[in-house]
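Please read the following report beside the sequence and the 3D view, and look up each residue as it is named.

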Amino acid sequence: MNFILTSVIALGAIALISSVVLYFISKKFAVKEDPRIGKVSALLPGANCGGCGFAGCSGMACALVAGADKGSIEGFRCPVGGDDVMLKIADTLGMAAASSEPFVAVVRCNGTCDNRPRIAEYDGLHTCAAINSTSAGETGCGYGCLGCGDCVSACQFDAIHMNPDTGLPEVDEDKCTSCGACVKVCPRHIIELRKKGPKGHRVYVQCANKDKGAVAKKACSVACIGCGKCEKVCQFDAITIENNLSYIDFNKCHMCIKCVDECPTGAIVKINFPIKKKVEVEA
Amino acid sequence: MRLHTFKIGGVHPEENKITADVKTKNAALPKVAIFPLGQHIGAPAKPVVKRGDFVKVGTLIAESGGFVSAPIYSSVSGTVAKIDTSIDATGYRKPVIIINVEGDEWEESIDRSEKLETLDEHSELTPENIIDIIKRAGITGMGGAGFPAFIKLCPPPTAKAECIIINGVECEPYITADYRLMMEHAKEILVGLDLLMKAAKVDRGYIGIEENKPEAIKLFTQLTADDSRIEIVPLAQKYPQGGEKQLVDAVINRQVPAPPAIPVNVGAIIQNICTAYAVYQAVMKHKPLFERYTTVTGKQVKNPGNYLVRIGTTFGELICACGGMPEGDNKVLAGGPMMGKSVMSLDVPVTKGTNSITILSGNDARRKAIQPCIRCGKCVDACPMGLEPYLLAILSANNLYDRLENEGVTSCMSCGSCQFTCPSHRPILDNILQGKGVVMGMIKARNVKK
Amino acid sequence: MGKLIVSLSPHAHGNDSVEKNMFGVVIALIPAILVSFIYFGLGSVVVLLSSVAACMFFEWAITKYMLKREPTLTDGSAIVTGLLLGMNLPSNLPVCIVIIGALMAIGVAKMTFGGLGNNPFNPALVARCILLVSFPAQMTSWPMAGQLTSYIDAQTGATPLAIMKQAIKTGDASILDKLPSATQLLLGSNPTMGLGSIGEVCALALLLGLAYLLWKKVITWHIPVSIIATVFIFSGLLHLANPVYSNPLNEILSGGLMLGAIFMATDYVTSPMTHKGQLIYGIAIGFFTVVIRNWGSYPEGMSFAILIMNAFTPIINLSTKPKRFGEVVKK
């Protein structure tokens, strides 16, 4: 009995002393923080993806509050939360938020096993970064997708997956938050953030090959050969050709899809257009 | 007698020097010769010919593109077909000059006789002369890395050269090109060493040869018996003894500090056997660097051999001459199995640094299945730079680049001893090299900022 | 023509493999196993076989059904764990306890951490220590030699270590006279005493194993030599100071010291990577072993000492770096 009493008293005393010590320490070393930072942090998604350009959500929150003190939070954008979150934050900080169109990641390579023959077999560390730093990979294309899925492991939103049939990554539009993690990690800079477009309609060049036409075509049947036909047919100056590679400026593109029909190799693709869907149903 | 060698780490790969006793043959002239403009470390060369120009053997086709750079000479006579891009050993397309071969017409200035010219007969040569000729002849390190040779002979003002070390180690398995050259042109190599010593203004020369080449050791010891300046150093067999720092350690027992220090900081200038021979030919025979000794080898190659190859000949043509590719999937290496680069097309040409074409077939061609790291520490024992490869690989795989730099990743010379010795067949070096690339980029960016 | 294969250098491999190292350990254990058959007969066969079989079964079952990955039985690590666990148990231990031990070794100490290469503690020793505190009676009754056909019913006796402990407790050095001679300890031929665990009977057989491991370069000398030397020197000093502590030769030849120093402490996964670190690790194990043996409540301290140092291995790895090439010149 005595022994139980002793232990209860001893433990109780330790608890009491520790709590007093902890209380004073927490008072003494309390960090003064702007209460708004806490509020803004709570509004942010908390994914810490870094898509906004800051180190995690709390970094973004600090920057937003600092921006509000200077009088503007324009230019700040949480790609994950989108306009909803930015509006709420603007409310909290008493600012006006500029709304912007949603973006989505697109993979600019269509070098499937059929389109782009494998001329060698890579037998080493299975990451894109490792292959890219040492060799051209398994195909004759030194610009295309390496297919090891660095982007898949970089995505925190489960929005990008390898398609085992094509060996290429595919973006799940609904899940993609356009945080840009895949864009940063892709050693060949194939992935690009483009405007999601009205109803999800998008037109882009699905190739990143800067080789001359004949060389590019030899490596991959759907490569952009830089022939310039799309540039000529475009009425809106949206298409430029640089280093044998065509690029469509999504701010200028009017989705007339003339270039899609004009492209001799089929390197320009349209996404989510009704016709395309029919084709998919037939197939 | 205890043989000299380097002190830390090292491994013992199977030798497989199957072509050691095969006499060197002249390789057939190629139909088309391809000259990459970046065959050396440094700025790529600038073409001085244009499409349709007729060139002879030994004509300058591209001039040096900067201080660290080297000119390129045609190895064939014919017409320039185009200046374009072509696949190189890494698989990426790089700028090249392509020449259609017609006949075999040499520049008149080249002395094609076999007569041995010695330095005594040419006392008019000054050190500056020699360095200038080496520079103009486009001679680069011919052991693989391809650093322009003349730069090593002009050490920075803070360092003073004390000796020349000729690298006759050839520690890579399979390769025998250096050995055949030593056996067939020993006297010329010694004149080359004389020239290098004069150019660097030193009076001490060493030739390091591994004990697995007793004939070469004997031959050179005989030839230099009455020359007190030159010492032949027999070395215990251990890979990577051919690495510059390891060789300095083995031959004169001095340790080169971590980068950016180079061997001349401890007084040594290293040149390859092939380079010494090329120097002899350039200075005494007025023959710029356009052909080299190359071994074509592999366990399943029908007629492996050593060849005197015109630079620009494609791998495919040389392999055909040796009986073609073995059946099945193969790995074709530019260089030996420890540090060679695997090529993804046989259209890759022989360059100044291609000391061997090694074909690995069957089981040798593929890596074995990767198992978990069992932390045995064998990679730590094997690393000749005293690093911890397992740790570097983990840090690199997890993108911890700051720590990676602290752990000395920049000292890694990618000899592959760690991966060679790993019982779990882990891609240690793949990981390290990827991380090293990032760290080098970081250092460069920092230096630019400063 | 077939495909061309590309990868980074090196393209050659030294043909070393996990399997070779694991089976190297198994071969090195053979002399000790044979000796145990001679001394313990049936009991030793039953315990070793059930231990190896149970370890292999658990490894297979856990990788296949719980971790859902390719079973890794072929790498041989489960066999080694099973053998070493068996070697650390008395030969009269009931099979059900051996199976619990195997489950602890593979299931708790190895697979929960992610399998081969990730376990911070030596699986066989974790199992042994769990059994030791769970089944103290069964785990500390040691059969005497020569009862080839008996198993659980074997006659037991006190081990040399228990005698040493008794001498220290009572402060009576004359008790130590009961100890067998060093030759007897080396060969394990002392018929009147308990012989300890299956694997610790004959120091000579274990030393043969050490010679094989060193010859095949499975391990380096650093860990075993530093442990044995430390125990020898430390217990020698104690013996000189006070003769109730037994003489150092008896200390290194009795109990699990040889087994631990040669086979348990040298486990790749749980020992430091660098030679410097291995020496520190070995010296500390030797030190703790002597401390626990002489002043702890258990007669044998080897397993605890190794587990303690296993916990320090990551720190030792961080603080002992190999000498980098060219560092001498800088100074």
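C:I97 is partly exposed, because 18 other C-beta atoms lie within 10 Å; a residue is called buried if 20 or more other C-beta atoms lie within 10 Å of its own, exposed if 12 or fewer, and partly exposed in between, with C-beta atoms placed from the backbone. This is a predicted model, in which local features need pLDDT of at least 70 and side-chain atom pairs count only at pLDDT 80 or more, while totals for chains, interfaces and linings use all residues. Residues are numbered from 1 along each chain as its sequence is written, and chains are lettered from A and ligands numbered from 1 in the order in which they are written.

C:I97 belongs to helix α4 (residues 95-110) of chain C, where helices (H or I, at least four residues) and strands (E, at least two) are DSSP runs numbered from the N terminus. Leaving aside neighbours within four places in sequence, C:I97 is in contact with C:L131, C:F135 and C:Q138, contact meaning that the C-beta atoms of two residues, placed from the backbone, lie within 7 Å. C:S134 is 37 residues from C:I97 in sequence, and their C-alpha atoms are 9.8 Å apart in space.

### Helices of chain C

Helix α7 (residues 160-170) of chain C has buried residues at C:P160, C:L161, C:I163, C:M164, C:K165, C:A167 and C:I168. These buried residues of α7(C) pack against α8 (182-187), α11 (248-253) and α13 (275-295) of chain C. Just after α7(C) comes C:G171, which takes a positive phi of about 70°.

### Domains and chains

Domain bounds here come from an automatic or database domain assignment, and the table gives them for two chains.

| Chain | Domain 1 | Domain 2 | Distance between C-alpha centres |
|---|---|---|---|
| Chain A | 36-93 | 103-277 | 31 Å |
| Chain B | 119-285 | 378-449 | 29 Å |

In chain B, the contact takes six residues from domain 1 and seven residues from domain 2. The side of domain 1 of chain B that touches domain 2 of chain B has four nonpolar, two polar and no charged residues.

Between chains, 35 residues of chain C are in contact with 56 residues of chain B. On the side of chain C that touches chain B, β1 (4-6), α1 (18-40) and α15 (327-330) of chain C each supply at least two residues, and by class this side has 16 nonpolar, 12 polar and seven charged residues.

Methods: Ala, Val, Leu, Ile, Met, Phe, Trp, Tyr, Cys and Pro count as nonpolar, Asp, Glu, Lys and Arg as charged, and the others, Gly among them, as polar.
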